[in-house]
Each structure stands twice: as C-alpha cells, then as structure tokens.
Amino acid sequence: MTAPALYEIETSEGDDGTMHPAEQLWTPCADGTADHGFITHQGLFVAGIDGDTDDDLYPVGFLVLGHQRWADIIEAAAAYMARTHGWRNLHLYPGDDPSVLIPRIPRAVHTHGVFLRHPHPDHGCGCEWDDTWRMVWAPATEPGAVPVTAMRHPAAAVTAAGVPNPDEGAPAIWAA
C-alpha cells in the first residue's frame, strides 16, 4: 500500500491541451528571502504566515528557516512584527486593547515544510499569484522538505495557524 501524496503541485492546461506545472518546488535561500516576505534578524530568516482565511490583517504565525531555539524564534517574531507592521508588542496585534494582554507565548515546533513557488518559471501564467509561494507542512522524508521552526502568534486563535502539534502525533517536536 502506498501513502497518498501530502501536497500536490498545481497545474494549468496549455493552449494545446498539455498540462504544465503552475508551481515548482522552491528552496528559500539568503539571496531571495527578502523578495518573498522574509526578513533577516540576527542571521535568522523569518516570515509571517497567514491563516486559512484571507481576512487576516496580520500574521497568525511565524516561520523561521531551519531548526532554531524557541527564545530565538520569539525574538525573530517580535522583530518581524516591528519591521513589517511597526508594532513592538508580540502579545497583541496593532490596534488591540492593551488591557487584554495575552500573558503567554505559544511554544515553537521543529518541523518541515515544502515550499511551492507560483508560477513555474517555464510556464508563467501572469495571474495574481505570480511569483508568490505557499508552504505545506510535511514529514522530513517528503521530497523537497525543508527544516523550519514554526510558532503561532500569541493573539491568534489556537487553530488559526495550523502549526503541527507534536502532542497530537504531528511530524514535529517541541523547540527547546
């Protein structure tokens, strides 16, 4: 028995009926991280991640390339909020009422993700997703999987970021 694919590369149909990949596996690197929403903070590459809905004004979680220490993730996430959204308090979203400060920061996890970049450079489509990327959580054995450390934003709902939970059998471990 074979396991089902955990992710699927989007395709599009050409004028001649031939299916072409609309995405490619992408490996983030230092040269292109800023162009794709990552910032560099003390040598770490961090990006905010959106939730399942398009209604989010601010990130519901954070993604740092590689397996990093929890304290470093917190610092990188705070730097991301300060640089990208001009907000220094990681416990709140900009505009939130400071009297409802959230006292605890969620734990970070070491996991893996597959980065898919749209469009495939040989078959550009010119759509609104042009030159964007998405990430799908994946086990370390999945082809193209990249080690990442992830943490949800403290003010986001527990399920908003969908960060893998090691206590529920997800392919992840808690960051130290």
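Biologist: How many bridges join E6 to E9, and in which sense do they run, parallel or antiparallel?

Modeller: E6 and E9 run antiparallel, and 5 bridges join them. E6 also pairs with E5, again in the antiparallel sense, over 4 bridges, and in that pairing Gly-48 stands opposite Phe-62.

Biologist: And is E6 mostly covered or exposed?

Modeller: E6 is mostly covered, with 5 of its 5 residues buried. Gly-61, Leu-63 and Leu-65 point one way from the strand, while Phe-62 and Val-64 point the other way, and all of them are buried. In general, side chains in a regular strand alternate between the two faces of the sheet.

Biologist: Let me switch to aromatics. How many aromatic pairs does a search of the whole structure find?

Modeller: The search finds 2 aromatic pairs. In one of them, Tyr-58 and Tyr-93 are stacked, at 5.7 Å centre to centre and with 20° between the planes. Tyr-58 lies in the loop between strand E5 (44-49) and strand E6 (61-65), and Tyr-93 in the loop between helix H1 (70-85) and E7, so the pair ties together parts that are 35 residues apart in sequence.

Biologist: Are those two tyrosines buried or exposed?

Modeller: Tyr-58 counts as partly exposed because its relative accessibility is 23%, whereas Tyr-93 is buried, with a relative accessible area of 12%.

Biologist: Which residues form the edge-to-face pair?

Modeller: Phe-62 and Tyr-80 form the edge-to-face pair, with 6.0 Å centre to centre and 70° between the planes. Phe-62 is in strand E6 and Tyr-80 is in helix H1, so this pair ties together parts that are 18 residues apart in sequence. Phe-62 is buried, at a relative accessible area of 0%, and Tyr-80 also counts as buried, at 8% relative accessibility.

Biologist: New topic, then. Where is the place of His-110, and is the residue buried or exposed?

Modeller: His-110 is in strand E7, which covers residues 109-118, and it is buried, with a relative accessible area of 14%. A polar atom of the His-110 side chain lies 2.7 Å from the backbone oxygen of Gln-68.

Biologist: What else is His-110 in contact with?

Modeller: Leaving aside neighbours within four places in sequence, His-110 is in contact with His-67, Gln-68, Val-148, Thr-149, Ala-172, Ile-173 and Ala-175.

Biologist: What does Pro-166 touch, and where is its place?

Modeller: Pro-166 is in the loop between strand E9 (146-152) and strand E10 (173-174). Not counting residues up to four places away in sequence, Pro-166 touches Val-109, Ala-172, Ile-173 and Trp-174. The C-alpha atoms of Pro-166 and Val-109 are separated by 7.8 Å, although these residues are 57 residues apart along the chain.

Biologist: Stepping back, what does the secondary structure of the protein come to?

Modeller: The protein has 1 helix and 10 strands, running β-β-β-β-β-β-α-β-β-β-β from the N terminus on. Of its 176 residues, 41% count as buried. Among contacts with a separation of 6 or more, 64% are between residues 24 or more positions apart. The protein exposes about 10000 Å², and carbon and sulfur atoms supply 51% of that area.

Biologist: Last one: what is the mean pLDDT of the protein?

Modeller: The mean pLDDT is 82, and 83% of the residues reach 70 or more. Where pLDDT is low, the predicted coordinates should not be read in detail.

Note on methods:
Residues are numbered from 1 along each chain as its sequence is written. This is a predicted model: local features need pLDDT of at least 70, side-chain atom pairs count only at pLDDT 80 or more; totals for chains, interfaces and linings use all residues. Side-chain values use heavy atoms; hydrogens and water are left out. Helices (H or I, at least four residues) and strands (E, at least two) are DSSP runs, numbered from the N terminus. Buried means under 20% relative accessible area, exposed over 50%, partly exposed in between (1.4 Å probe, protein chains only). A polar contact is a pair of N or O atoms within 3.5 Å; within protein, one must be able to donate a hydrogen and the other to accept it, and residues adjacent in sequence count only if both atoms are side-chain atoms. Contact means heavy atoms within 4.5 Å. Accessible areas come from the Shrake-Rupley method with a 1.4 Å probe; for residues, only the protein chains shown count as cover. pLDDT is the predictor's confidence in each residue, from 0 to 100. Rings of Phe, Tyr and Trp (its six-membered ring) pair if their centres lie within 6.5 Å; planes under 30 degrees apart count as stacked, over 60 as edge-to-face and the rest as tilted. Two strands pair if DSSP finds at least two bridges between them.
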